[in-house]
Amino acid sequence: MNKTKEALARRIVSDDKVTFGFWIYLMTDCLIFASLFAVYVVQRSATAGGPSSNELFDLPFVLVETLLLLTSSFICGLMVLAAQAHRKNLVIIGLIATGLLGAGFLAMELTEFSHLISEGYGWQRSGFLTAFFTLVATHGLHISVGMLWLFVMIYRVSRVGITPATLRKLTLFSLFWHFLDVIWIFIFTIVYMIGVL
Amino acid sequence: MRRRYKIGAGIIAGLAIGVGIAMWSQTAEFQVLDAQGEVAKKQLDLLIFASTLSLFVMIPVFALVAFISLRYREGNRKVHLYRPTWDHSNVAETIWWGLPALLIGVLSVIIWTSSHDLDPYKPLVNDKKPVNVQVVALQWRWLFIYPDEKIATINHLTIPEKTPINFTITADAPMNSFWIPKLGGQVYAMNGMSTKLHLMADSTGDFNGSSVNLSGKGFSKMKFITTATSETQYKEWVKQARAAKSLDWEVYTQIAKPTEKTEKQSYKLEDAMLYDKIIEKYMPMHETSGHMKEHGE
Amino acid sequence: MLGKLSLDALPHDPIMMGGAATVVGALIFGALIVTFLKRWKWLWSEYFTSLDPKKIGVMYLIVALLMLLRGFADTLMLRAQQVLSTGDSQGILSADHFQQVFSAHGTIMIFFVAMGLIFGLINLLVPLMIGARDVAFPLLNSVSFWLYIAGVALINGSLIIGEFSAAGWLAYPPLSTLEFSPGVGVDYWIWALQISGIGSLLSGINFLVTIFKMRAPGMTLMKMPIFVWSVACSMVLVAFAFPILTATLSMLSLDRLIGTHFFTSDMGGNPMMYINLIWAWGHPEVYILILPAFGLFSEIVATFSRKRLFGYTSMVWALALITVLSFTVWLHHFFTMGAGANVNAFFGIMTAVIAIPTGIKVFNWLFTMYHGRIKFATPMKWFLGFVVTFTLGGVTGVLMSVPAIDFQVHNTLFLVAHFHNMIIGGVVFGIFAGITYWFPKIFGFKLNERLGTYAFWCWLIGFLLAFVPLYALGLMGAARRLDHYDPSMGWQGLFVVAGIGVAVLGLGMFFQVLQLVYSIWKRNENRDTTGDPWNGRTLEWSVPSPVPVYNFTHIPTVTSRDDFWETKQHPQADTRVPFEAIELPKNSGFGFAIGVLSALAGFAIIWHIFWLAGVATVAIILFVIIRTTGEHDSEIVLSAVEVEQIDAAARRKMTAGVKK
């Protein structure tokens, strides 16, 4: 009896470590984005004779994109609630829905990119477009990593169900996904909204 | 044994210094300490003042190190008070937070005022009309353009003494730093940008100048002599330089090609806008390369 | 298929061939020795795959010290060039090669020597000092180490295949853009730093969690050994600064790979932005190195003065203040860029202000010695040397914090002398003191004191001879990084003195190697038979030397600062607590695999072999997925009986020396 209690206590401590470590990681990632944001703000006017932000962005399109991501984040939150209630099937459905919305977001982002590139406004065009593509694509890359993680989690939940370890991983995943959501809000505001003003 | 290695070390150190001094030829001079211009002189004064101020920290620290380590060393025959748990004293700690803070406070005032007083962008004023010189760092030599005199030179700079010189500085090369130690501190030369530096020579003479920021393989060759002359000599010199071959954009593109040749040149400036054009080369609005043009406008 | 790689990438110039031959030769020699001693399996299972931070720490130290020799070989070439290359003589190196050598020297000394040594000591000491058995994430720790090794492999690989960057240790654009540096040198620089930098970042996270979550019961933050505090501050800096480096290097790399315009001089790129970003990382980096050195000295001074550290609280606040301030001074690296007077003045004042907490640390150390009973063992000699050189460096630093003075000495040898003053006199002396002090704890025997003393005097005198002339040369107007100068400047004499200084430094290193060999040979005479050879103060001295794999049989309960020392003052009856089972992480080749794949990916990108880069990256992702999803048996359990046996054996081995 005593033994299992101790083992449990140890497990909790180690969960605590992982969560704390993950928060620090998120902070460092946040700083990578902060650097890219800083660069974007500096480079915003460096259009090199090319188009500026208010000529390029299609706000309604990006708004739909944003809604997709926000919804996926919301569902991701529900998924964690389901996981805490040990509702395995609900978790899988939640993960799939999160993933589908995320995929939709990525598809829209890629559409926007390919549209810009086909217009001749690729990242090589100007300092501004360089900063724009890098910032948004870095976020997109994170979303892609998140999607990969999500697939792995679907596999894992369907194989082993909701163990304490799985629950922790799901919680961390949702942290990551919410974090990307917050970053996107900043991108939406600083890049797109201020961009079309 | 202990003594032997100390002697050995002493001999090595002594030898090294001896060799150094022996080889230190007559020509060595401390250019930074031998200020010949208003700016350099003020900078030197600051250096001396700040060094003196720092002695207020250095001397107590070195004295304390020597005193404490001798007095409290284990082998000391005279045993001094040993207080193994003494680890705090408000008075002492207040002193060494306070004293350095005070010194730094003084220094901060100096930093603030001197940064404004010696701002390289601040024009120097006296009764003479300033001479404008546009400086272009190339790979790997210096082009000096005198827009008012309508001349240009490579790797040599002639200025009238006791006259403010307004330098505007750019580069058609990796970043360089433009420095004439005897006249005053340096400023970076960057392409697509124009920085400023204001200097003045207090007397006639030849002063070394060079680039001090790594700019590629010919970096160490980017030296020039600054000659400060009397006003009449300067006018004479301008007249001579004007008789030289002419410099326009065509010629410039030849000059701007990377080279490690260091010989001096003089030109008659044909293109009054040359400096601006060199900057505009890197300016976005004038960018013509890139196939995207036809999509844009 | 092979991107830009062809046979032309092999070295042609005799000196470069010599460099390549040395690296290849050293590798073959090492491999032969291991083969001859039949130690491959031992190496693999005891070290390469070990997740024990003590073993990882030792590997860091060994590799970093080897890199110190590599970096010193660069120094010899630089000094020889500057002694010889004046007037008609062009010296021994071409301008391009000279520039590669100093770029490599700076990069190696900072990233692969100083960082390696610091992380080595952190790995060795932090878990022991906080009364823990391990770091928070042992596997991640191994990954960090192997990423560091990947960086080492790439930077040394550049000697054999291709070339290294000739753009200085921070590769300022536009010089480092494709336009002015079309070769692979800058790419080697980028990827060696990027990969090892990610390793450092992961280590930073790892040790922050270790320090904040794994301290022994009773060890509140204000009871932590001051070294642990210094590491905590340093790791906060890592976590804040290294992401900026990662982002900046990525951007520079994108400029070179896919034609973006971050830092190009045309199309709206902005090289000044790079210089800001790199120093926003670069200045904190200096403190990442120096803070742990401060911590090491704090422990050493207290131990050898046999006194409590004076002004512990002041020390902690000073560390915290330096941590915060170090992010507010980066612009002092380029006062000469033409920012306005207000901006320059602000950053100048912040720079001067940072001298206050640094200065009070010096006073606190001195007053730790005051009323002490000081034993001048070699670590303490390093400390005294440090106080002298570091104060000198600090003063020249404060001089340069005045922008108007900086205009006259920036980018000259004065600046070079200043930062070597801080890095050698501060970081390197600190690390040597630390290695000497903790050596018996790690290996079970002390280093020879006499040879250590010789080494110390050589380093101190060599340092002064090598760098005081550089201060003078700076004031004479000598720019840094000159591959050639005019004899009329009269600089040669001082360069000769500096060269002799470097030779003396070399002699110091020779004594250190000798000290190591001799001490191993005579190890039975210098055995640490008690686990506490210096009358230490912190927890690591309470366990046998060398430390058993689990560190502590029982996790100690801490009641005061310098807990072990306080316990020694009030010895209590030895109440035997029964041994218990201990869980330890199992060995894993995961870190090694990630390191190899990262080096491969880096190499492939450098040479534009994109398919290989893709394959390696996918492999890394698959490895990570497999490792993190599978339900592994990642721990082994030592039973109570085994623990008792190991403990008894460790103590027996330790006291065996007494009988002889």
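Visitor: How many residues of chain C are in contact with chain A, and how many of chain A with chain C?

Guide: Good place to start! This is a predicted model, and in it 34 residues of chain C are in contact with 32 residues of chain A.

Visitor: How much area do chain C and chain A bury between them?

Guide: The size of an interface is often given as the accessible area lost when the parts come together. Here, chain C and chain A bury about 2,700 Å², with 73% of it on carbon and sulfur atoms. On the chain C side, C:I205, C:K213 and C:M267 supply 17% of the buried area, more than any other three residues.

Visitor: Which side chains meet in a salt bridge between chain C and chain A?

Guide: The count between these two chains is 1 salt bridge. Look for C:K213 and A:D16, whose side chains meet at 3.2 Å, N to O. There are also 8 residue pairs in polar contact between chain C and chain A, counting pairs with both residues at pLDDT 80 or more.

Visitor: Which helix gives the largest share of the side of chain C that touches chain A?

Guide: That is α7(C), with 9 residues. By kind, the residues on this side of chain C divide into 22 nonpolar, 9 polar and 3 charged.

Visitor: Now for chain B and chain C. How many residues are in contact there?

Guide: In this pair, 95 residues of chain B are in contact with 107 residues of chain C. Together the two chains bury about 8,900 Å², and 71% of that lies on carbon and sulfur atoms. In chain B, the residues that lose the most area to chain C are B:W96, B:W97 and B:L214, together 9% of what that side buries.

Visitor: How many salt bridges does the rule find across the interface of chain B and chain C?

Guide: It finds 2 salt bridges. B:D87 forms a salt bridge with C:R308, and their closest N and O atoms are 3.9 Å apart. The polar contacts between chain B and chain C come to 29 residue pairs, both residues being at pLDDT 80 or more. As for elements, α2(B) gives the largest share of the side of chain B that touches chain C, 15 residues.

Visitor: Where in chain B does pLDDT stay under 50?

Guide: Where pLDDT is low, the predicted coordinates should not be read in detail. Chain B averages a pLDDT of 89, and 88% of its residues score at least 70. Over residues 286–297 of chain B, though, pLDDT stays under 50, and the model has 12 contacts beyond four places in sequence for that stretch.

Conventions
Residues are numbered from 1 along each chain as its sequence is written. Chains are lettered from A and ligands numbered from 1 in the order in which they are written. Side-chain values use heavy atoms; hydrogens and water are left out. Contact means heavy atoms within 4.5 Å. Buried area is the accessible area (1.4 Å probe) that two parts lose on being put together, summed over both. A salt bridge is a side-chain nitrogen of Lys or Arg within 4 Å of a carboxyl oxygen of Asp or Glu. A polar contact is a pair of N or O atoms within 3.5 Å; within protein, one must be able to donate a hydrogen and the other to accept it, and residues adjacent in sequence count only if both atoms are side-chain atoms. Helices (H or I, at least four residues) and strands (E, at least two) are DSSP runs, numbered from the N terminus. Ala, Val, Leu, Ile, Met, Phe, Trp, Tyr, Cys and Pro count as nonpolar, Asp, Glu, Lys and Arg as charged, and the others, Gly among them, as polar. pLDDT is the predictor's confidence in each residue, from 0 to 100.
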